[in-house]
Amino acid sequence: MASPSLKISGLVANAMDLSHEAIGALPADVQVGNVNTIVPKYSGAGIKLAAIIEVAQPNLGVDYIGLHGTLDDFHASIPLNAVAESAVIMYSDSEGNPLETKNGGPYRFLIPNSAACHTDEIDECANVKFLDHIEFTTGVVGAATATLT
């Protein structure tokens with residue numbers, strides 16, 4: 001059975017569906033061998049959001065990303081410049097297997113500093129579980145509809 005893909009869409013030159021295997025095959029310099037070096041609560045492999053940005057090639061003027069999780073009908077828009085260099089997308093467990101739902105899979109969006117999205121309370125974009133779609137947009141699209149843990 002194929003692993004679920006991460007849909008990349010919106011205002012980009014290269015919309016695509018990336019599998020666990022395709023993400024793992026991206027260059028070593030954009031891989032995060034263990035995300036616990038960035039977010040200590042989690043353990044497993046990740047890919048830098050900057051790598052997804054490079055592959056997708058967002059159009060000029062793109063300033064937000066929409067994070068979508070179908071499983072819990074979660075949607076949030078966050079400023080791209082606040083997370084472009086620091087965010088990581090966790091895609092496998094500590095043994096290299098695709099991230100399971102019980103661990104927030106198929107993909108999990110993590111940022112090391114929850115203040116990056118400019119809110120005063122616990123930030124809803126710091127840890128998005130069940131991620132399966134990243135949408136590049138101009139301006140805010142959608143709203144947060146789920147509680148994160």
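## Strand pairing around E10

Two strands are said to pair if DSSP finds at least two bridges between them. In this predicted model, strand E5 (64–69) and strand E10 (133–137) are joined by five bridges and run antiparallel. Within this pairing, Gly 66 stands opposite Glu 135 of E10.

Strand E10 also pairs with strand E1 (6–10). Four bridges join E1 to E10, and these two strands run parallel. Ile 8 has Ile 134 as its bridge partner in E10.

## Burial of E10

Five of the five residues of E10 are buried, so this strand is largely enclosed by the rest of the structure. Both of its faces are covered. His 133, Glu 135 and Thr 137 lie on one side, with Ile 134 and Phe 136 on the other.

## Nonpolar cores

In soluble globular proteins, nonpolar side chains tend to be buried together. The largest nonpolar core here has 35 residues. The members that touch the most others are Leu 49, Ile 65, Ile 89, Phe 109, Ile 134 and Phe 136. Elements giving two or more residues to this core include E1, E5, E10, strand E6 (74–79) and helix H3 (80–83). Helix H2 gives the most, with five residues.

A second, separate core consists of eight residues, among them Val 32, Tyr 42, Met 90 and Leu 110.

## Helix H2

Helix H2 spans residues 49–56. Its buried residues are Leu 49, Ala 51, Ile 52, Ile 53 and Ala 56. Gln 57 follows the helix and has a positive phi, near 55°.

Methods
Residues are numbered from 1 along each chain as its sequence is written. This is a predicted model: local features need pLDDT of at least 70, side-chain atom pairs count only at pLDDT 80 or more; totals for chains, interfaces and linings use all residues. Side-chain values use heavy atoms; hydrogens and water are left out. Buried means under 20% relative accessible area, exposed over 50%, partly exposed in between (1.4 Å probe, protein chains only). A nonpolar core is a set of buried Ala, Val, Leu, Ile, Met, Phe, Trp, Tyr and Cys residues joined through side-chain atoms within 4.5 Å.
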